[in-house]
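Subject: A structure for you, with notes on its salt bridges

Hi,

Here is the structure I promised to pass on. Have a look at it first, then read my notes below.

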Amino acid sequence: MRNDPHPIPGGESLLFLTDEQIRRGIEAMYFAYRAFTADPDLILEEIGYGRAHHRALHFITRDPGLTVTSLLAVLGVTKQSLNRVLRTLIEDGLVDSRVGRRDRRERQLYLTEKGVALERRLSEAQRARVRAAYRAAGPQAVAGFRQVLEAMMDGEMLVQFRALREAPDQRLSARRAGSAG
């Protein structure tokens, strides 16, 4: 991290950002997000889905067995909105909703083979785009970018983000411990 007020390459100082520099950063985020979602949007449009379907598929892929309640919290959408998305994904054979093992009132979500294939297709271009950008920017820029993104999250959102990073490993460990006893 730079502690000096001297300009970084490109002539901007990190300590004294002007409104225009902030505005340019916001605009860069808008355009980057547009590029990031462009390829999946074309695929989603072909099958009559939207970005909410993609986000649901992403997080279910990330954490198989994720409960509906947990997905609701991660996505930050209304129950009605999520139910509409999940109903479509389940009816179309992309998601399997199972009764919870520990609590029969819970519904755990898993992707079917068809769901895995669609999620992979949707995210391949995004992973390639992010990988190329990370390689072009270098490790220090990647670390800085992650710091900026995390700094933009409010407290609860940051807790959710960090929990996602740990959840699959913890769930796998819990399953192993449960089957060992």
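Which residue forms a salt bridge with Arg-98, and how far apart are the closest N and O atoms? The partner is Asp-96, and those two atoms are 2.7 Å apart. By "salt bridge" I mean a side-chain nitrogen of Lys or Arg within 4 Å of a carboxyl oxygen of Asp or Glu.

Before you go further: this is a predicted model, where local features need pLDDT of at least 70 and side-chain atom pairs count only at pLDDT 80 or more, while totals for chains, interfaces and linings use all residues. Residues are numbered from 1 along each chain as its sequence is written, and side-chain values use heavy atoms, with hydrogens and water left out.

Searching the whole structure turns up seven salt bridges. Another one of them joins Glu-27 to Arg-24, at 3.0 Å from N to O. Both residues sit in helix α1 (residues 19-47), three residues apart, or about one turn of the helix. Helices here are DSSP runs of H or I, at least four residues long, numbered from the N terminus. Arg-24 is exposed at 52% relative accessibility, whereas Glu-27 is partly exposed at 28%. The cut-offs are under 20% relative accessible area for buried, over 50% for exposed, and partly exposed in between (1.4 Å probe, protein chains only).

Then there's Arg-51 with Asp-41, at 2.5 Å from N to O. Arg-51 lies in helix α2 (residues 51-62) and Asp-41 in helix α1, so this pair ties together parts that are 10 residues apart in sequence. Arg-51 is partly exposed at 33%, and Asp-41 is partly exposed at 23%.

Cheers

Note on methods. Helices (H or I, at least four residues) and strands (E, at least two) are DSSP runs, numbered from the N terminus.
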